[in-house]
Amino acid sequence: MTPSRPEVELYADGACSGNPGPGGWGALLRMRGEERELCGGEPATTNNRMELRAVIEGLNAIRPPARVAVYTDSQYVQKGISEWLAAWKARGWRTADKKPVKNVDLWRALEAAAAPHRVTWHWVRGHAGHEGNERADALARKGMNGGG
């Protein structure tokens with residue numbers, strides 16, 4: 001790891017009105033004292049898909065490759081990428097009980113988005129006053145409501 005690589009904090013969150021239903025994703029990037037907000041939405045989706053999209057979009061917005069600390073309130077995302085992904089791939093994208101892994105398209109996209117970076121994955125409790133997570137949640141709701 002080279003010292004010239006920037007440190008980036010990425011706060012990501014997804015939201016959905018109904019599950020499935022209209023959804024949104026939000027990402028807050030912090031690097032060298034600057035911030036960048038990203039958000040978007042889909043008319044028919046799930047909360048888990050929006051949680052994944054938030055991280056994917058945030059990572060894809062980071063140039064050049066960096067050391068990135070990802071903060072998410074989704075254990076699905078945090079455990080999926082750091083604990084479950086290797087086993088899913090080894091089983092041909094099947095869960096331990098041999099069912100197809102849901103959201104394979106987004107898991108592959110997340111793996112590709114993370115590849116150029118040095119990523120550490122952090123779970124934070126949602127709606128617990130964590131400032132970065134609260135901002136990402138507000139961005140996800142904005143994306144769900146057509147903002148972004």
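This is a short chat about a few spots in a predicted model.

Q: Let's start with Arg30. Where is it?
A: Arg30 sits in strand 2, which covers residues 21–31.

Q: Is Arg30 buried or exposed, and why?
A: Arg30 counts as buried because its relative accessible area is 19%, and the cut-off for buried is under 20%.

Q: What does the side chain of Arg30 make a polar contact with?
A: Its partner is the side chain of Glu131, and the distance is 2.5 Å.

Q: And which residues is Arg30 in contact with, leaving aside neighbours within four places in sequence?
A: You'll find Glu7, Val8, Glu9, Tyr11, Glu35, Glu131 and Arg135 on that list. So Glu131 turns up both as a contact and as the polar partner of the Arg30 side chain, if you read it by the 4.5 Å contact limit.

Q: OK, new topic: helices. How do helix 1 and helix 3 pack?
A: Helix 1 (residues 47–60) and helix 3 (residues 104–114) have their axes 9 Å apart, at an angle of about 25°.

Q: What do you call that arrangement of helix 1 and helix 3, and why?
A: Angles under 35 degrees count as roughly parallel, so helix 1 and helix 3 are roughly parallel to each other.

Q: Is the crossing of helix 1 and helix 3 left-handed or right-handed?
A: The crossing of these two helices is left-handed.

Q: Which residues make the contact?
A: From helix 1 it's Arg49, Leu52, Arg53, Val55, Ile56, Leu59 and Asn60. Helix 3 brings Asp105, Leu106, Trp107, Ala109, Leu110, Ala113 and Ala114.

Q: How many of those are nonpolar, polar or charged?
A: The contact of helix 1 with helix 3 has 10 nonpolar residues, one polar and three charged.

Q: Staying with helix 3, which residues are buried there?
A: Val104, Leu106, Trp107, Leu110, Ala113 and Ala114 are buried in helix 3.

Q: What covers the buried residues of helix 3?
A: The cover includes helix 1, helix 2 (75–90) and strand 5 (118–123).

Q: Switching to the backbone: which residues does a cis peptide bond join, with omega about 15°?
A: That one joins Asn19 and Pro20. Pro20 lies in the loop between strand 1 (7–16) and strand 2.

Q: What about the peptide bond from Arg63 to Pro64, cis or trans?
A: The bond from Arg63 to Pro64 is cis, and omega is near -10°. You can look for Pro64 in the loop between helix 1 and strand 4 (67–72).

Q: What's the phi of Arg32?
A: Arg32 has a positive phi of about 50°, although it is not a glycine. Arg32 is in the loop between strand 2 and strand 3 (34–45), and it is exposed, with a relative accessible area of 65%.

Q: And Trp93, what's its phi?
A: Trp93 isn't a glycine either, yet its phi is positive, about 60°. Look in the loop between helix 2 and helix 3 to find Trp93.

Q: Is Trp93 buried or exposed?
A: Trp93 is buried, with a relative accessible area of 13%.

Q: Last one: where is Pro43?
A: Pro43 is in strand 3. Pro43 counts as exposed, at 72% relative accessibility.

Q: What does Pro43 touch, not counting residues up to four places away in sequence?
A: Pro43 touches Gly21 and Pro22.

Conventions
Residues numbered from 1 in each chain as written. Predicted model: local features only at pLDDT ≥ 70, side-chain atom pairs only at ≥ 80, totals over all residues. Heavy atoms only, no water. Helix = DSSP H or I, 4+ residues; strand = E, 2+ residues; numbered from the N terminus. Buried < 20%, exposed > 50% of the residue type's maximum accessible area, 1.4 Å probe, protein only. Polar contact = N/O pair within 3.5 Å; in protein donor to acceptor, adjacent residues only side chain to side chain. Axes fitted to C-alpha atoms, helices over the stretch in contact; angles between N-to-C directions. Parallel < 35°, antiparallel > 145°, perpendicular 65-115°, else oblique. Left-handed = near helix turned anticlockwise from the far one by under 90°. Nonpolar A, V, L, I, M, F, W, Y, C, P; charged D, E, K, R; others polar.
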